[in-house]
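Me: Hi! Could you walk me through this structure? I'd like to ask things as we go.

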Amino acid sequence: MAVLITGCGSGIGLDTALAFGRRGRLTYATVRNPDTAGALRERVAEEGLPVEVLRLDVTDDASVAAAVAHVEKRHGAVGILVNNAGVISTGPVETVPMDQARSLMETNFWGPVRLARAVLPAMRERRRGVIVNINSLAGLVPGFMHSAFYSAGKHALTAMTESLAGEVASFGVRVLSIDLGPTGTRIHHGVDSSADNAGAYGADVRWANDFLVRSIESGEAPALVADVIVRTALDPDSPVHTAVGDTAARFIESARSAKTFEEWLAWAVPLAESVAGPRPSTSAGD
């Protein structure tokens, strides 16, 4: 049963490819540019793992079709799909460039949709398969300041995962959501300069970004997350949602228990301030 994973150049994707390979699973580790997969190739060669690097851009229909066709030609169907590729950018709704907002949704939401649609016909025909969407606590809690488009993509991914799980269960296909808390990857590089053109929101964006970056830097190890992904994918009794890490569990529980958005925000802001310091004023004239 072949495994296809997106976004394997580093972090969670790289470690998940290695983790499946160590289980003896033939794994196709995909990246947009295979020339950037040197670290992955080196680890695979060192351990002698059954992992093949494959080109795939989740934002391109033809690239998705070609990668899936490559796997299906060899194996008949993708056995396990892990939709891991993702990006993050931050900033206020008012000033984030529209092309940047669309690009975020294109990767984080439409990418998994493309891959799911590509692998499902063969999975249904074989009446087995697993689709794992790497999600975030951001898809299960209210939107935090300056993360509107990232959170929107993750909320959309949550809804798609749950809808799809109900649609394909009778065909023997399982659909899972791995709901991550902060994880120590390079994804936070997408927030480094987002305050530069935020105008009146600049100080607040810097504060929110500081909380985000510090949380990521002290987050779960990608290898730990990879082990959870593999165990969840291979366990036929796994629930649709699996939260990873204490932070994810705390945030998700807070969202469930809060009666209003205001109540949740009153819980979330002091927590962020405990990491990034007092939130700056954003009143007119500051």
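**Chatting through the model**

Reply: Happy to! Let's begin with Pro-270, whose place is in helix α9 (residues 261–276). Helices here are DSSP runs of H or I with at least four residues, strands are E runs of at least two, and both are numbered from the N terminus. This is a predicted model, where local features need pLDDT of at least 70, side-chain atom pairs count only at pLDDT 80 or more, and totals for chains, interfaces and linings use all residues. Residues are numbered from 1 along each chain as its sequence is written, and side-chain values use heavy atoms, with hydrogens and water left out.

Me: Is Pro-270 buried, exposed or partly exposed?

Reply: Pro-270 is partly exposed, at a relative accessible area of 41%. The cut-offs are under 20% for buried and over 50% for exposed, with partly exposed in between (1.4 Å probe, protein chains only).

Me: And how many Å separate the C-alpha atoms of Pro-270 and Leu-224?

Reply: They are separated by 28 Å, and the two residues are 46 apart along the chain.

Me: Switching topic: which residues have the most contacts inside the largest nonpolar core?

Reply: Phe-20, Leu-40, Ile-80, Val-82, Val-132 and Ile-229 do, in a core of 32 residues. A nonpolar core means buried Ala, Val, Leu, Ile, Met, Phe, Trp, Tyr and Cys residues joined through side-chain atoms within 4.5 Å. There is also a second, separate core of 28 residues, which includes Val-68, Ala-85, Phe-109 and Val-168.

Me: What is Ile-229 in contact with?

Reply: Setting aside neighbours within four places in sequence, Ile-229 is in contact (heavy atoms within 4.5 Å) with Ile-12, Thr-16, Val-82, Val-132, Ile-134 and Ile-178.

Me: Now α3. Which of its residues are buried?

Reply: Ser-63, Val-64, Ala-67, Val-68 and Val-71 are the buried ones. Looking down the axis of α3, they fall within an arc of 120°, so they line one face of the helix. That arc is taken from the directions from the helix axis to the C-beta atoms. An α-helix has 3.6 residues a turn, so residues three or four places apart point the same way.

Me: What does that buried set pack against, and what's on the other side?

Reply: The buried residues of α3 pack against β1 (3–5), β2 (27–31), β3 (51–55) and α4 (98–126). On the other side of α3, Asp-61, Ala-62 and Lys-73 are exposed.

Me: What happens at the start of α3, and what follows the helix?

Reply: At the start, a side-chain oxygen of Asp-60 comes within 3.1 Å of the backbone nitrogen of Ala-62. α3 is followed by Gly-76, which has a positive phi near 85°.

Me: How many salt bridges are there?

Reply: The count comes to six, with a salt bridge being a side-chain nitrogen of Lys or Arg within 4 Å of a carboxyl oxygen of Asp or Glu. One of them joins Arg-74 and Glu-52, with the closest N and O atoms 2.8 Å apart. Arg-74 sits in helix α3 and Glu-52 in strand β3, 22 residues apart.

Me: What about Asp-61 and Arg-114?

Reply: Their side chains meet in a salt bridge at 2.6 Å, N to O. Asp-61 lies in helix α3 and Arg-114 in helix α4, so the pair ties together parts that are 53 residues apart in sequence. Asp-61 is exposed at 55%, whereas Arg-114 counts as buried at 18% relative accessibility.

Me: Which other residue forms a salt bridge with Arg-114?

Reply: Glu-106, with the closest N and O atoms 2.3 Å apart.

Definitions and conventions: A polar contact is a pair of N or O atoms within 3.5 Å; within protein, one must be able to donate a hydrogen and the other to accept it, and residues adjacent in sequence count only if both atoms are side-chain atoms.
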